[in-house]
Amino acid sequence: MKAADFAYARPDTIAQAVALMSRDDVDAVALAGGQSLMPVMNFRFNEPDLVVDLNAITELCGIEETPGGLRIGALTRHAELMASALVAEHAPLIALAMPHVAHPAIRNRGTIGGSVALADPAAELPACLLALGGTVHVAGANGQRQIAADDFFLGLYDTALEPAELIVALEVPKPVPGARFAFHELTRRHGDYAMAGLAMAVEVEGGVISGARIAGFGLADRPVRLEQAEAAITGFAPGDAQAAANAAASLETLDTHGELNASPQMKRHLAGVLMKRVLSGL
Ligand code: FAD
C-alpha cells in the first residue's frame, strides 16, 4: 500500500517546525528517520494532512559534552551513536545497546529522537534513557521544557509529549566513578525488537552496590523501572549470586504484557533469566 495524500514541509528551524506542528487547521506529524512513520503511513494506520520533515534542522543535530553529561540532538542517527567516541566514553550503556538496535540500513536513518518519541515498549534506547535517569528536552508553542525519563513514558506508544511538541535533544548524566553498566536482550533474530531486555546502571562504592537503576523493556506497555530488583542488589557486591537470585525472583510477580512471541508468563521467565545473566557479568 501507499500513503494517503499529504502536504509536506521542510522547515530549517525548531521554531518553524513548532509553528507548523501547532497549526490547528491540519493534522501534522513530525518526520525524522521515517523508519517507523513511513510504514505506518503506508499501511494507512496514520493519515496526516501535513508531514513536517525535521531533517533540515541543524539545531537538532550533534552530540556534545555538557558539564554534567551528554546532550544528544534528537536527529542523531543510530549509526552516529554507535560510532561516537563521546557516547562510548560518557554513555557506555548506550554504546552497549546500539548493536542490538535494528539493522545497519535502519540505523543509518533511524534517530534517537524518533525512537524516544515513538516509545515502542520493546525498543532499546528508551530503556537506556530510563536506566540512565536521562532527560528529554522538548520544544512547543509555549517554549522549551525538560521531562525526566521517569515521567516521559506513559503507556503503549504514549509519552508525556503534548500534541505539537517536538523532542529537541536527550541528555544523560556522565557516569560517576565506579559506575558499571550492563545490557542484555533476547530476540528471535539479532536486530529484531526484543522479546525481553534489561538495561542497567549501578553505582559501586566500597565494593558494594550503592545505587541501581534497572529498566526492563519488551516486558510491559512501556519501558519499566524494576525497583524491587534494584532493591534486591543494593548493598551487595556486584556478582553476588544470592542477590542476583533474589533480583530474579522479584520478577516473578511482574505485571508483563504478552505478544505474538511470548506470553506474560514467558516474559517473566525470560526477564528472570536475563537478570541473572546481567548481574553475573557486572
Ligand atoms: P520516524 O519513523 O521518523 O518517527 C517515529 C515517530 O516519532 C513518529 O510518530 C514521529 O512523528 C515521531 N518523531 C520523530 N522524531 C520526533 C521528534 N524529534 N520529536 C517528536 N516526535 C518525533 N528500533 C529499536 O529500538 N529496536 C529495534 O530492534 C528496531 N528494529 C527495527 C526493525 C525494522 C525492520 C524497522 C523498520 C525499524 C526498527 N526499529 C527498531 C525502529 C528504528 O530504530 C527507529 O528508531 C524508529 O523507527 C524511530 O526513529 P525514526 O527516526 O525512524 O522516526
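Author: One term to start. A pocket here is an open set of grid points with protein on both sides within 12 Å along at least five of seven lines. A molecule sits in a pocket if more than half of its atoms lie within 2 Å of its grid points. Also, this is a predicted model.

Reader: Where does the ligand sit?
Author: In the largest pocket.

Reader: Which residues come nearest the ligand?
Author: A30, G34, S36, T111 and E124, out of the 30 residues around the ligand.

Reader: What does S36 do there, in terms of distance?
Author: One of its polar side-chain atoms lies 2.3 Å from an oxygen atom of the ligand.

Reader: Which backbone atoms come up?
Author: I167 has a backbone N or O atom 2.8 Å from a ligand nitrogen atom. For A102, a backbone N or O atom lies 3.2 Å from an oxygen atom of the ligand.

Reader: How much of the ligand does the protein bury?
Author: 86% of the 960 Å² that the ligand exposes when taken alone.

Reader: Which element gives the most to the shell?
Author: α7, with 4 residues. Each of β2 (28–31), α7 (112–118) and β10 (166–173) supplies at least two.

Reader: How do the shell residues divide: nonpolar, polar, charged?
Author: 17 are nonpolar, 11 polar and 2 charged.

Reader: Switching topic. How many helices and strands does the chain have?
Author: 12 helices and 14 strands. The radius of gyration is 19 Å, close to the 19 Å from the globule rule for 282 residues, so the chain is as compact as a globular protein of that length.

Reader: And what does the C-alpha trace span?
Author: About 60 × 45 × 30 Å along its principal axes.

Methods: Residues numbered from 1 in each chain as written. Predicted model: local features only at pLDDT ≥ 70, side-chain atom pairs only at ≥ 80, totals over all residues. Heavy atoms only, no water. Near = heavy atom within 4 Å. Polar contact = N/O pair within 3.5 Å; in protein donor to acceptor, adjacent residues only side chain to side chain. Areas by Shrake-Rupley, 256 points an atom, 1.4 Å probe, with all protein chains shown as cover. 1 Å grid on protein atoms, 1.4 Å probe; cavity = no way out; pocket = protein on both sides within 12 Å on 5 of 7 lines; lining within 4 Å. Nonpolar A, V, L, I, M, F, W, Y, C, P; charged D, E, K, R; others polar. Rg over C-alpha atoms; globule rule 2.2 N^0.38 Å.
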